[in-house]
Amino acid sequence: MNSNFSCKTCASADQKLETFISNLSVDTSHHRMEGQSVKCGFGLQGICCRLCSNGPCRITPDGPKGVCGATADTMVARNFLRAVSAGSGCYIHIVENTALMLKKTAASKGVLKGKVALAKLAEIFEINEADEHVCAEKIADMVLADLYKPDYIKMELVEKMAYKPRFDRWKELGILPGGAKSEVFSGVVKTSTNLNSDPVDMYLNCLKLGISTGLYGLTLTNLLNDVMLGEPSIRLAPVGLRVIDTDYINIMITGHQHSIFSYLQDRLIQDDVIEKAKAVGAKGFKLVGCTCVGQDLQLRGEHYKEVFNGHAGNNFTSEAILATGAIDAVLSEFNCTLPGIEPICDELKIKQICLDDVSKKANAEMKPFVFEEKESQSNEIIDAVIESYQARRGVVTLNMDADHGNDDTLTGVSEGSLKSFLGGTWKPLIDLIVKGEIKGIAGVVGCSSLTAGGHDVLTINLVKELIAKDILVLSAGCSSGGLENVGLMSPSAASLAGPKLRAVCESLGIPPVLNFGPCLAIGRLELVATELAEAIGVDLPQLPLVLSAPQWLEEQALADGAFGLALGLPLHLGLPPFVTGSPVAVQVFTQDMLNLTGGQLIIDDNAKSAAETLDAIIEKKRKELNI
Amino acid sequence: MKRIIIDREKCDGCLNCNIACISAHEEGSNFYTVNMQSPEAETRNFIKFDAQKGYLPIFCRHCDEPECVLSCMSGALEKDPLTGHVQYDESKCAACYMCVMNCPYGVLKPDKQTRTKVIKCDFCEDKPDGPSCVKACPKKAIEVKEVSL
Amino acid sequence: MKIVIIGASAAGISAAKTIKTSEPDTEVVIISKEDSVHSRCMLHKFLGHERDAKGISFIADNFFESSGITWLNNTTVIGLDAQKKTVKTHDNQDISYDKLLIATGASYFIPPIPGLRESKNVYGFRDLKDAQLLDNECNTAQNAVVIGAGLVGMDAAVAMLERGLKVTVIEMTQAVMSLQLDQKSAQAYQQLFEEHGAEFILNDKVVSVDVDEVGRGKTIHLASGKAVPADVIVIAAGVRPAFNFTEGSGIDTNHAILVGDDLKTNIDDIYAAGDVTGIAGIWPNAMKQGRIAAINMLGEKLLYEDRYALKNTVNFYGLTTLSLGNINPEPEENCEILMREDRYNYQKVVLKKGVVQGVIIQGNIGGTGFWQYLIKNKIDVSGINKDVFSLSYADFYDQDQNTGEYRYAV
């Protein structure tokens with residue numbers, strides 16, 4: 001007998017995980033889907049407005065406008081811009097923290113593991129400085145200076161970061177962003193009660209937020225982290241629930257800010273700390289990856305072989321990871337840390353500590369990271385985790401699944417490591433594309449969700465369809481977590497690819513789905529795309545490159561999506577982003593965007609037809625490039 | 001016969017039943033795509049609100065003694081002897097609206113665009129899962145139950 | 001048991017259906033003058049060529065066969081012998097019955113105006129036969145005159161406008177449909193009809209009709225001195241219950257066949273329902289009477305209590321109106337009259353001591369069915385703390401917990 005709250009869990013593309021979760025005695029998001037299966041139609045269409053006390057107003061046949069006169073078009077646009085602003089704010093928070101961390105690390109002459117990344121940034125930022133710490137501090141200062149500009153002063157690094165044809169187009173459209181934090185502010189103000197009512201103006205604003213989100217929140221966060229934490233390098237690594245080793249004190253990390261763990265992860269493998277672990281009967285400490293920060297650690301795993309045991313799963317696997325009983329503490333610093341883990345932590349006596357005050361969990365200890373106190377904070381954390389370990393191990397039943405996941409997921413792919421792999425030039429890849437051995441590239445990015453068929457169902461099915469059509473898939477975000485756990489990032493997955501892509505993969509010993517890691521690495525995909533476009537001498541929209549966020553989940557994903565559209569790329573989403581109640585929104589996103597940026601939104605929750613649409617776009621672009 | 005049984009205490013006035021109804025009668029639409037602004041968008045169920053009583057879901061009862069059928073002078077409204085549901089044949093309807101006048105519960109209404117037909121619950125007879133409104137109710141304030149005639 | 005029903009309109013058909021549904025073994029014979037069953041409320045759709053004869057039927061194609069009902073069509077009943085329990089038909093058949101339902105309806109009435117009754121081109125608008133004759137005339141006629149601007153006259157007018165005729169409507173009172181509407185709501189229809197080419201002469205009376213050499217009325221003279229040319233004339237000046245054949249049968253009548261609450265006449269086993277009783281007035285009531293008479297004939301006791309007949313809906317050119325009760329009260333009735341109007345709607349509520357006496361809802365009539373309940377049950381609404389125009393069934397919401405049927409909480 002199963003003692004969970006509701007017996008029916010949602011489907012998962014990860015069959016083993018589905019079985020594991022359906023047998024759990026704790027309530028998870030997979031269980032809660034059934035209770036939330038009836039959705040609000042007004043919410044789905046984005047035609048509910050709660051901006052004033054005359055509301056909430058909804059668009060109905062008898063009420064075609066809100067009390068204030070707002071049309072469905074206005075409501076949808078306001079709701080959407082609000083979401084994009086919030087999503088942008090999240091990423092800007094991350095890059096701000098990361099830049100501050102780099103600044104303080106550099107100022108305190110801390111270790112900078114990524115020399116290549118440092119040199120690259122110095123070159124982009126046009127900094128001529130021999131001392132690496134001074135150089136790094138200047139880089140951080142330049143980033144922070146841009147972030148803190150008012151919205152009426154354009155950020156200076158945009159032109160340095162962006163591909164020139166894109167920059168020129170953005171300038172023409174008037175969507176070059178001012179200070180990234182202020183742009184979030186403007187987006188929120190615009191969408192307040194009875195301010196902006198012009199949907200087109202608001203969608204252009206979304207593109208502007210997309211640019212600041214993408215270039216700063218994504219791309220720069222990666223590069224700044226690389227400077228501090230080391231560049232990714234390609235390797236095979238274990239993934240899934242199997243990575244949890246019960247002999248160790250296990251800390252699950254969730255969030256998006258790898259640098260917050262920078263000091264701690266080194267400290268955990270120092271002798272005195274290992275001795276502390278041994279004193280309570282463990283072999284030492286291990287970090288278990290979960291969500292994007294786990295992906296980031298996996299990406300740079302080459303530098304953290306000892307402390308990092310591997311990535312266990314994405315956001316909607318986090319409850320299952322905890323339910324193994326072998327996790328002794330959760331350290332979280334940002335989303336996607338589900339509130340659903342809280343009762344599980346309570347029940348299984350798992351210590352929760354939050355390291356960033358924007359993401360305090362209700363029953364967690366709050367310990368905002370302070371750079372100057374990182375030594376003492378780390379010691380306090382270590383002691384708290386040991387205490388938790390002692391209190392729970394032997395008391396809490398373990399429920400391991402050593403069979404889940406695999407040992408040969410190819411990880412560590414980045415714009416740098418991939419280029420090195422290809423011999424320091426993009427030419428081999430371009431040649432394969434020109435010859436048609438690789439028909440095109442699909443960036444399958446974004447989140448994991450439980451909709452569109454279930455946990456990762458659409459993502460996995462779409463990727464299978466795409467690789468079968470000889471389209472190389474690059475993944476970044478929680479989508480990677482699902483793809484790796486089902487084996488699509490293992491070299492053996494080449495057998496699922498179309499004959500041409502399969503041959504390429506087998507000759508190189510790589511899977512047809514390349515793992516770029518966290519959602520932040522969407523910025524790395526942009527770097528790859530830009531470098532490819534540069535090498536070929538075309539603009540981004542001309543590349544046989546498509547984006548898909550099949551199971552986009554949250555506001556951050558919408559800001560990412562706005563970046564994709566600003567880049568002029570076709571963007572597929574499995575489910576509409578709550579805009580279909582507005583004819584203007586549908587027109588702008590699916591048609592007019594082609595003339596604005598070259599981008600286009602495609603909504604389709606069917607893997608097969610979505611893949612066909614994306615394939616057709618790639619074919620069309622190939623034809624236009626005469627290849 | 002099957003009737004939609006209402007537990008009005010559970011109703012939150014979310015109007016999902018309205019959307020479901022409109023979508024069920026817009027060929028090929030779903031909750032994302034149903035056009036709420038279409039001139040043809042008509043709901044067959046209604047949620048009224050009263051400060052004292054709260055939300056009052058008004059759904060066609062497919063009455064045991066249907067006044068609408070008795071008042072129909074074209075034969076468009078008939079009570080199906082097997083299902084007990086009041087069926088409406090638009091092609092027969094003369095749009096006299098005697099049924100609108102005679103429904104004591106104010107469920108029936110003329111179509112707003114052409115005033116050539118009646119908008120009436122068909123119990124989603126063509127849908128294998130039964131009434132769309134019931135499926136769409138997040139609170140289970142409406143449920144299909146068997147009642148004896 | 002053998003039940004004979006005279007008349008195949010609302011009351012007759014409704015009775016036959018009720019009998020066959022509850023006691024399929026009962027023999028049912030329907031005798032009707034017409035050779036079709038049709039809804040008189042749809043005659044204008046036939047005349048306007050919107051529907052054919054079949055299209056204005058209100059029963060299924062095979063209704064008589066599938067229900068096992070004998071239908072003697074084209075048959076007029078000319079006599080009734082209540083002692084022998086037989087009816088005599090025009091072709092001299094004597095048809096026996098155990099129980100008899102008289103549902104012969106009413107027939108139109110041509111006022112005794114010089115020239116009018118004599119004119120061959122004067123038609124009523126009551127049965128399909130009338131409509132078929134009119135239909136023929138419309139093929140050649142140019143000028144149509146409708147005498148009487150009640151619902152029937154307006155129906156005829158709208159159909160003939162549809163056929164492209166020049167239509168003049170002559171009405172004694174000062175407004176169209178004066179039984180159903182007030183001045184304001186009538187004006188809206190008059191305007192719509194005028195926009196479609198109709199001409200109205202109100203507050204006037206036909207005094208004579210010039211008949212030509214072949215017996216057709218050509219010019220209509222009015223009290224005002226006006227003269228209106230006519231190729232075809234429709235008389236819509238009211239109807240009279242049709243029960244000539246009962247003469248000498250012993251059935252009590254007074255301009256109509258008199259019935260009790262069980263719809264039985266003064267003679268056992270003889271019932272009457274529909275327009276012939278003078279208490280129906282309108283289709284839904286005739287249907288209900290047919291049903292109740294049938295139930296009583298079958299031996300159960302059910303009383304006709306829903307005598308409320310001051311009700312109607314109007315739908316011309318997409319303008320819909322609901323009219324209930326006393327809508328044009330006299331000053332001495334001391335009623336309170338409330339009105340509300342916007343671009344698309346006109347609403348009027350007549351109240352007396354908190355009880356709704358009458359309602360006109362013009363425009364959006366969706367969900368207005370509850371008003372009839374309030375009026376006919378004399379519900380006092382003064383205690384409801386709300387604008388009377390905002391009332392709906394929700395204010396009286398109640399449910400039977402077992403069956404889920406709605407009730408009125410009053």
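Reply: A residue is buried if 20 or more other C-beta atoms, placed from the backbone, lie within 10 Å of its own, exposed if there are 12 or fewer, and partly exposed in between. By that rule, 46% of the 410 residues in chain C are buried. The model is predicted, local features need pLDDT of at least 70, and side-chain atom pairs count only at pLDDT 80 or more, while totals for chains, interfaces and linings use all residues. Residues are numbered from 1 along each chain as its sequence is written, and chains are lettered from A and ligands numbered from 1 in the order in which they are written.

Me: What percentage of the residues of chain A count as buried?

Reply: In chain A, 60% of the 627 residues count as buried.

Me: How many helices and strands are there in chain A, and what is its radius of gyration?

Reply: Helices (H or I, at least four residues) and strands (E, at least two) are DSSP runs, numbered from the N terminus. Chain A has 25 helices and 16 strands. Its radius of gyration is 23 Å, close to the 25 Å given by the globule rule for 627 residues, so chain A is as compact as a globular protein of that length. This radius is taken over C-alpha atoms, and the rule is 2.2 Å times the number of residues to the power 0.38. Along the principal axes, the C-alpha atoms of chain A fill a box of roughly 65 × 60 × 50 Å.

Me: How many helices and strands are there in chain C, and what radius of gyration has it?

Reply: Chain C has 8 helices and 25 strands. A compact globule of 410 residues would have a radius of gyration near 22 Å, and the 23 Å of chain C agrees with this. The box that its C-alpha atoms fill is roughly 70 × 55 × 40 Å along the principal axes.

Me: What do residues 24 or more positions apart account for in chain A and in chain C?

Reply: Two residues are in contact if their C-beta atoms, placed from the backbone, lie within 7 Å. Of the contacts with a separation of 6 or more, residues 24 or more positions apart account for 76% in chain A and 60% in chain C.

Me: Which chains have the most contacts between them?

Reply: Two pairs of chains touch, and chains B and C have the most contacts. That contact takes 34 residues from chain B and 35 residues from chain C. On the chain B side, the elements giving two or more residues are β1 (2-6), β2 (46-50), β3 (54-58), α2 (67-71), α3 (98-102) and β6 (109-110). The largest share, 4 residues, comes from α3(B). By class, this side of chain B has 20 nonpolar, 6 polar and 8 charged residues. Here Ala, Val, Leu, Ile, Met, Phe, Trp, Tyr, Cys and Pro count as nonpolar, Asp, Glu, Lys and Arg as charged, and the others, Gly among them, as polar.

Me: How many residues does the contact take from chain B and chain A?

Reply: The contact takes 16 residues from chain B and 16 residues from chain A. Helix α1 (residues 16-24) of chain B gives the largest share of the chain B side, with 3 residues. That side divides into 10 nonpolar, 5 polar and 1 charged. By contrast, no contact joins chain A and chain C, whose closest C-alpha atoms lie 12 Å apart.

Me: Which domains is chain A divided into?

Reply: Domain bounds come from an automatic or database domain assignment. Chain A is divided into domain 1 (72-229), domain 2 (241-392) and domain 3 (408-624). The C-alpha centres of domain 2 and domain 3 of chain A lie 31 Å apart. Their contact takes 16 residues from domain 2 of chain A and 17 residues from domain 3 of chain A. On the domain 2 side, α13 (291-299) and β6 (308-313) of chain A give two or more residues. The largest share of that side, 6 residues, comes from α13(A). Its classes are 4 nonpolar, 10 polar and 2 charged residues.

Me: Where is the kink in helix α24 of chain A centred?

Reply: The bend at a residue is the angle between axes fitted to the seven residues ending there and the seven starting there. In helix α24 (residues 583-596) of chain A, a kink of about 45° is centred on A:Phe589. A:Phe589 is also one of the buried residues of α24(A), which include A:Val584 and A:Leu596. These buried residues pack against several elements of chain A, among them α4 (72-107) and β16 (600-603). After α24(A) comes A:Gly598, with a positive phi near 95°.
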